[in-house]
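Morning, everyone. Please have the sequence and the structure open while I talk.

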Amino acid sequence: MESNAPIHVLLVSYPAQGHINPLLRLAKSIAAKGLFVTFVTTEDVGKDIRAANSIAHESVTPVGEGFLKFEFFEEGLVPDDPIKENPTDHIAHTEHVGRKFISQMIEKHESTNHPISCIINNPFYPWVSDAAAEHDIPSAVLWTQSVAIFIVYHHYFHKLVPFPSDTEPCIDVQLPSLLLKYNEIPDFLLPTTSFPLLRTIILEQFKYLSKPFCVLVDSFEELEHDSINYISKFVPIISSVGPLFKNNPKAPSTTDIRGDFFKPDNCIEWLNSRPSSSVVYISFGSLVHLPQKQVDEIAYGLVNSKVSFLWVLKLPPKDWVGLQPHVLPDGFLEETSDKGKVVQWSPQEQVLAHPSVSCFLTHCGWNSTMEALASGVPVLTFPTWGDQVTNAKFLVDVFEVGVRLGYTQAENKLVTRDEVEKCLLEATVGAKAEELKKNAFKWKEAAGAAVAVSGSSHQNLDAFVEDIKKRAHKVPSISSLP
């Protein structure tokens, strides 16, 4: 007899907010289409997620036509465990524990007649694809950066073109239809990178690309058409399903299902009190921690430009030893009290969609990039490391929605208050600002069309869910759900 139970899909995320959020958006999107989705990451960040959001360990939440459940696995380490001081050892330990946890989950659900029929991971946990293959379970990957970045890593991994090296540290990289200067490629690939381990981890995903049946990307056809067409020659199935934050089901039960590690401050009421297109939104994501001198220069630039602003000035990441909370210059809050608001965290999707926001001073992480483009908000680029460097290049020179402001961490340049003031005004007042706004609106319309019922991303997501169903094991009745 054919089962009426929803097909069970397991999503496993690297424990960083910028990785969890897009995968959780995918989780909600496919659950809404009738799947039972279990979302897994480490208990270490699970405590923060549960504290900041309306979720609970192993609680099942209806989402559209399906269900969503969270499970968090313990790494078995105490807070000051010496293994955490060595990133290589810590990553190897987490892989060992994670593989064991996934195997136990697979066996548990087989025994309860609600088998896991597909496993999806994001980069930095490439071993999940291998674990799925060991259990003969179909797997997929959600690539959480741009397709253009995927192409860069693909060329580096397969040695298709020359990249900067110890002997030639400043050569440019010629990619299909695009030339990137040495300081425009993800700086993890530079011989001088401070994060060689991150290069190793992200390239591991390319070793496993023969195992997933599909690579999903949080982008959309209209934005990266040429890149998608090119890489499709090398990757069997690469499918754009973004912007995922716009795919989220609108059911009330999903509103508070978020992957943020911090509770957002209430800033929407303040935005409601500001005139249309008058506020500069400033946020550098969940990990970037600028030098105190740079924070000072941004503050003075805001004062001198006299623009209204909403500034997210978060505490340093809890695991980053030695970093001190930022302080604002004496008198800054008093002098800007009628124009600005400073918060520790914000509901960024809501902020960028607010009509009072005129532009976004951003670190250019891919999540923030997609949210800005899909919300029609021009940007001031202030990249720090990794793919942010390349995203900034695309925002300014390819998508034409940005003004270049900051430099990478590797370049170690201070952006002065005069530069901050000049760029703030350029992005908010005059002909250049109008041009950026027009281009940004074009991308907003394209993003909306992509996730509409007849749009490219909507159709790709439907096709992906249908593919899962075709590959799925037979499952029992709904009464056996965990």
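**Salt bridges and packing**

Start at Arg258: its relative accessibility is 24%, so it counts as partly exposed. Keep in mind that this is a predicted model. Arg258 forms a salt bridge with Asp260. The closest N and O atoms of that pair are 3.2 Å apart. Is Asp260 buried or exposed? Asp260 is buried, because its relative accessibility is 4% and the cut-off for buried is under 20%. The pair belongs to a network, built from salt bridges that share partners. Its members are Arg25, Arg258, Asp260, Glu349 and Glu371.

Now the wider count. How many salt bridges does a search of the whole structure find? The answer is 22. I'll show two more.

Take Asp462 and Lys33. Their side chains meet in a salt bridge, 2.7 Å from N to O. This pair links distant parts of the chain, 429 residues apart. Asp462 sits in helix H17. Lys33 sits in the loop between H1 and strand S2, which covers 36-42. Asp462 has 30% relative accessibility, so it counts as partly exposed. Lys33 is partly exposed as well, with a relative accessible area of 22%.

Next, Glu184 and Lys393. Their side chains also meet in a salt bridge, this one at 3.8 Å, N to O. Glu184 lies in the loop between strand S8 (178-180) and helix H6 (196-207). Lys393 is in helix H14, residues 388-398, so the pair ties together parts that are 209 residues apart in sequence. What about burial? Glu184 has a relative accessible area of 12%, so it is buried. Lys393 is buried too, at 13%.

On to helix packing. Back to H17, residues 456-471, and its contact with H1, residues 17-31. The two axes are 10 Å apart, and the helices pack at an angle of about 75°. H1 and H17 are therefore roughly perpendicular to each other. Which residues make the contact? From H1, they are Leu26, Ser29 and Ile30. From H17, they are Leu461, Phe464 and Val465. By class, that contact has five nonpolar residues, one polar and no charged.

On the H13 side, the contact uses Leu373, Ala374 and Ser375. On the H16 side, it uses Ala440, Trp443, Lys444 and Ala447. The classes for this contact are five nonpolar, one polar and one charged.

UniProt, in an unreviewed entry, lists residues 7-51 as "domain: Glycosyltransferase N-terminal". In the model, that span is 53% helix and 27% strand.

Last stop, Ser239. It is placed in strand S10, residues 238-240. Is Ser239 buried or exposed? Its relative accessible area is 9%, so Ser239 is buried. What is it in contact with, leaving aside neighbours within four places in sequence? The contacts are Cys214, Val215, Leu216, Val217 and Asn460.

That's my tour. Over to you.

Conventions
Residues are numbered from 1 along each chain as its sequence is written. This is a predicted model: local features need pLDDT of at least 70, side-chain atom pairs count only at pLDDT 80 or more; totals for chains, interfaces and linings use all residues. Side-chain values use heavy atoms; hydrogens and water are left out. Contact means heavy atoms within 4.5 Å. Helices (H or I, at least four residues) and strands (E, at least two) are DSSP runs, numbered from the N terminus. Ala, Val, Leu, Ile, Met, Phe, Trp, Tyr, Cys and Pro count as nonpolar, Asp, Glu, Lys and Arg as charged, and the others, Gly among them, as polar. Buried means under 20% relative accessible area, exposed over 50%, partly exposed in between (1.4 Å probe, protein chains only). UniProt positions are given in the numbering used here, feature names are shortened, and annotations may be inferred rather than shown by experiment. Axes are lines fitted to C-alpha atoms, for helices over the stretch in contact, and angles run from 0 to 180 degrees between N-to-C directions. Angles under 35 degrees count as roughly parallel, over 145 as roughly antiparallel, 65 to 115 as roughly perpendicular and the rest as oblique. A salt bridge is a side-chain nitrogen of Lys or Arg within 4 Å of a carboxyl oxygen of Asp or Glu.
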